[in-house]
Amino acid sequence: MTGKCSNPDCVAPISCHEGKGEPTECEFWLKSNASRSKIKTVPKKEKKSDLPWTGDALTVDELPKVTYRNSPVIIGIIGKADAGKTTYLAMLFTLLLRGIKLKEFDFCGTKTIKAWDELYQKLKVQQEGVTFPDPTPAQYIRLLHLALRNHSKKLKDILISDASGEVFSIWSKNRNDVNAENARWVYEHSNAFILFIDCDDLINRKALAKTDIVDMAQMLKHDLGNRPVIAVWSKSDKKEEVHPVIREKLQGELKELFENYKEIDISNFSSDDPDVLVHKNNISVLDWLLSRVFTVSKSEILIENDSKINDIFLNYKST
């Protein structure tokens with residue numbers, strides 16, 4: 001029992017100065033503790049977010065958070081481990097934050113802002129080099145969202161996949177491999193593809209690296225249809241160090257494989273500001289793909305532009 005008696009000479013609850021068997025039988029004890037017994041502890045209610053999204057990257061099961069309003073364009077990123085896929089996503093968002101614009105679209109929001117921000121924070125471009133984001137774990141497949149508005153003020157949702165390079169290496173050898181499930185999902189559901197060519201790997205592993213890329217490209221081709229493919233030569237500040245025979249043969253074989261196709265060089269190391277490889281070409285990858293796949297959807301959403309708030313996130317509305 002806790003509490004204190006109103007009689008300053010009483011040591012209750014150890015013993016009652018008035019000789020009562022229990023302190024609760026004493027009027028002096030009750031006088032000082034009656035109000036205490038009326039106090040009820042009200043447990044704090046955990047405040048729940050009113051937002052229907054967390055800002056984290058979307059899983060496949062969470063796609064209805066976007067698909068309920070229109071059919072998004074899904075862009076599949078394909079390439080081996082350490083080819084620069086996740087770093088490309090970090091650089092893309094970094095450039096959008098810097099105000100660099102797409103040709104036909106304006107950035108007007110995202111449901112995965114937390115995931116984008118984590119990539120942005122981990123891509124630390126410094127004068128002496130770049131600290132890259134952590135590679136994507138093999139068991140994960142996640143989708144990053146961009147809401148874009150075209151010049152007709154129509155909204156289009158874009159989802160860009162981020163899956164581990166290991167699953168694509170397995171898939172390139174056997175598309176039915178039980179461990180290639182994430183690669184199969186990306187391949188089956190994407191409207192367009194970015195195929196990564198790692199210049200660093202071509203320099204170090206030469207023909208073996210070229211063979212791996214061609215294997216992946218051939219698997220990409222088998223049921224491609226007319227879906228566009230852009231081959232991205234990553235770390236291309238080192239492209240001239242790739243043996244010219246390997247470089248030319250690889251370019252020739254890829255051109256023979258694909259029809260709706262383009263190549264582009266990108267890098268994360270700026271030699272100038274602006275640097276074409278960094279500040280222009282990383283954006284141009286998405287520009288080119290969107291120009292090939294975007295079609296007007298009946299369920300596109302009109303973006304109201306009557307708000308005076310100059311905030312692209314607050315101005316992002318759905319109906």
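Mentor: Gladly. Let us start with a cut-off: a residue is called buried when its relative accessible area is under 20%. Keep in mind that this is a predicted model.

Trainee: Why does Val-66 count as buried?

Mentor: Its relative accessibility is 0%, and the cut-off is under 20%, so Val-66 counts as buried. Val-66 sits in helix α2 (residues 64-67).

Trainee: What does Val-66 touch, not counting residues up to four places away in sequence?

Mentor: Contact here means heavy atoms within 4.5 Å. By that test Val-66 touches Leu-58, Pro-72, Lys-111, His-145 and Asp-157. As for Ile-158, 92 residues apart from Val-66 along the chain, the two C-alpha atoms are separated by 9.3 Å.

Trainee: What makes β1 and strand β6 (residues 154-163) a pair?

Mentor: Pairing needs at least two bridges, and 3 bridges join these parallel strands. Ile-75 stands opposite Ile-160 in β6. With strand β7 (residues 192-198), β1 has 4 bridges, also in the parallel sense. There, Ile-75 stands opposite Ala-192.

Trainee: How do you know that the length of helix α3 (residues 85-97) agrees with what it should span?

Mentor: At 1.5 Å a residue, its 13 residues should span 18 Å, and the end C-alpha atoms are 19 Å apart, which agrees. The expected figure is 1.5 Å times one less than the number of residues. After α3 comes Gly-99, with a positive phi near 95°.

Trainee: What makes α3 mostly covered?

Mentor: In α3, 12 of the 13 residues are buried, among them Tyr-88, Met-91 and Leu-95.

Trainee: And why are α3 and α4 called roughly perpendicular?

Mentor: The range for that label is 65 to 115 degrees. α3 and helix α4 (residues 113-122) pack at about 100°, with axes 8 Å apart, and they are therefore roughly perpendicular to each other. By class, their contact has 9 nonpolar, 2 polar and 1 charged residues.

Trainee: Which residues of α3 and α4 meet?

Mentor: Thr-86, Leu-89, Ala-90, Leu-92, Phe-93, Thr-94 and Leu-97 in α3 meet Ile-113, Trp-116, Asp-117, Leu-119 and Tyr-120 in α4.

Key. Residues numbered from 1 in each chain as written. Predicted model: local features only at pLDDT ≥ 70, side-chain atom pairs only at ≥ 80, totals over all residues. Heavy atoms only, no water. Helix = DSSP H or I, 4+ residues; strand = E, 2+ residues; numbered from the N terminus. Buried < 20%, exposed > 50% of the residue type's maximum accessible area, 1.4 Å probe, protein only. Axes fitted to C-alpha atoms, helices over the stretch in contact; angles between N-to-C directions. Parallel < 35°, antiparallel > 145°, perpendicular 65-115°, else oblique. Nonpolar A, V, L, I, M, F, W, Y, C, P; charged D, E, K, R; others polar.
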